[in-house]
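These are my notebook entries on the structure shown below.

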Amino acid sequence: MKKECIAMLLAGGQGSRLYVLTGEMAKPAVPFGGKYRIIDFPLSNCTNSGIDTVGVLTQYRPLELNSYIGSGQPWDLDGSTGGVHILPPYMGSKGGTWYKGTANAIYQNMGFIDLYDPDYVVVLSGDHIYKMNYAKMVARHKAAGAACTISVMEVPWDEASRFGIMSVDENDIITEFAEKPKEPKSNLASMGIYVFSWKVLRKYLTEDEADPNSENDFGKNVIPAMLANHEVMAAYRFSGYWKDVGTLESLWDANMDMLSPDSGLDLLDESWPIYARSVNVPAAYLGPTAQICHSAFNRGSIIDGVVENSVLSPNVVVEEGARVSYSVLLPGVKVAKDAVVEYAIVGENCTIAADCHVGGTPETTAPAPWGLTVLAPNCALAEGRRVAPGIMLDRNGEEVSK
């Protein structure tokens with residue numbers, strides 16, 4: 001069936017910089033903001049942008065992600081003429097391999113794309129928190145007569161060397177691209193969101209795959225090759241909220257941003273809803289001793305303690321006398337009586353026993369370095385345990401290095 005535009009969502013990353021949080025699941029499946037998972041954002045953007053056919057390319061620990069996406073119904077991506085499709089690596093008659101890079105992942109699924117014979121393919125990452133109308137980006141691509149359009153945003157100059165950086169002319173046509181340059185010429189950073197004209201991309205993917213020296217990556221190989229051949233490459237400027245949540249610090253930051261009306265991350269905007277698979281649990285219970293300030297909590301939670309500046313996922317328990325501040329508690333966490341959790345990310349189904357103290361404020365370690373405290377899913381702390389700021393524990397409660 002012919003489609004003007006389909007999306008390919010790269011969701012196979014291991015998420016190694018999220019350490020213990022992605023030990024059992026792919027990064028896009030990590031819970032975010034209490035009621036969401038990271039992958040809800042690009043999937044919802046597709047639905048809201050009118051893109052009804054999405055290929056999700058999975059690889060690392062895909063079970064939870066596959067189960068979560070299911071038929072695609074929560075995002076209205078379960079139609080008979082398109083919908084969401086899970087695309088893991090596979091063996092063919094000539095063998096097969098794991099996805100070797102972002103470009104190779106798309107290359108291995110050219111047969112899927114050809115089923116829809118699209119004019120345009122939107123390539124997305126599964127580890128960004130943002131709201132974007134891809135239809136506007138496709139319109140920019142058409143107007144520019146481009147082979148490729150790259151979404152860009154201005155970043156602080158002192159951070160520019162962390163990104164792929166674009167130089168553009170007066171019409172925002174890309175003239176130069178540098179991957180993580182030491183001395184950037186511009187502060188226009190690639191967001192890792194692309195629109196390609198499919199026939200052109202197909203040619204470059206085939207050529208890239210045939211090059212034994214290629215890393216099969218869009219930023220390192222395909223984009224530079226297209227520029228070198230003088231293809232029309234357009235920049236699409238984005239000015240809304242966007243954060244790559246590939247590190248523990250950025251994941252925590254984005255959760256805190258959700259609590260701030262000034263951050264630009266408005267998840268209550270009915271004109272651009274972020275859809276998620278609902279949790280079938282009872283309503284939250286707030287006990288007579290509960291004190292909740294500047295926080296988000298969800299269904300199934302039982303709160304009798306103090307919660308401030310924190311994000312609580314479904315089925316979290318905070319007992320009387322316990323205090324949770326500036327922390328992110330993933331589903332099923334229990335914080336027992338008189339325990340304290342500060343500046344921490346606590347993985348799913350962790351148990352923090354009575355009188356424990358997890359983490360601490362930046363002031364507690366000064367002048368020594370400070371950091372977030374992180375507990376792996378299913379970690380259980382014995383009564384009275386102290387876990388210092390910046391420490392990370394595995395599921396057995398053993399300290400691991402970041």
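**Entry on the sheet**

I looked up strand β14 and found two bridges joining it to strand β16 (residues 302-303), the two running parallel. Within this pair, I noted Ile302 of β16 as the bridge partner of Tyr285. Strands here are DSSP E runs of at least two residues and helices are H or I runs of at least four, numbered from the N terminus; two strands pair if DSSP finds at least two bridges between them. I then traced an open sheet of six strands, with parallel pairing, in the order β14-β16-β19-β22-β25-β28. Its edge strands, β14 (285-286) and β28 (380-381), each pair on one side only.

**Basis of the entries**

The model is predicted: local features need pLDDT of at least 70 and side-chain atom pairs pLDDT 80 or more, while totals for chains, interfaces and linings use all residues. Residues are numbered from 1 along each chain as its sequence is written, and side-chain values use heavy atoms, without hydrogens and water.

**Entry on helix α1**

I asked why helix α1 counts as largely enclosed by the rest of the structure. Seven of its nine residues (40-48) are buried, so the description holds. Buried means under 20% relative accessible area (1.4 Å probe, protein chains only). The buried residues are Asp40, Phe41, Pro42, Leu43, Ser44, Asn45 and Cys46. After α1 I noted Gly50, with a positive phi near 85 degrees.

Conventions:
Buried means under 20% relative accessible area, exposed over 50%, partly exposed in between (1.4 Å probe, protein chains only).
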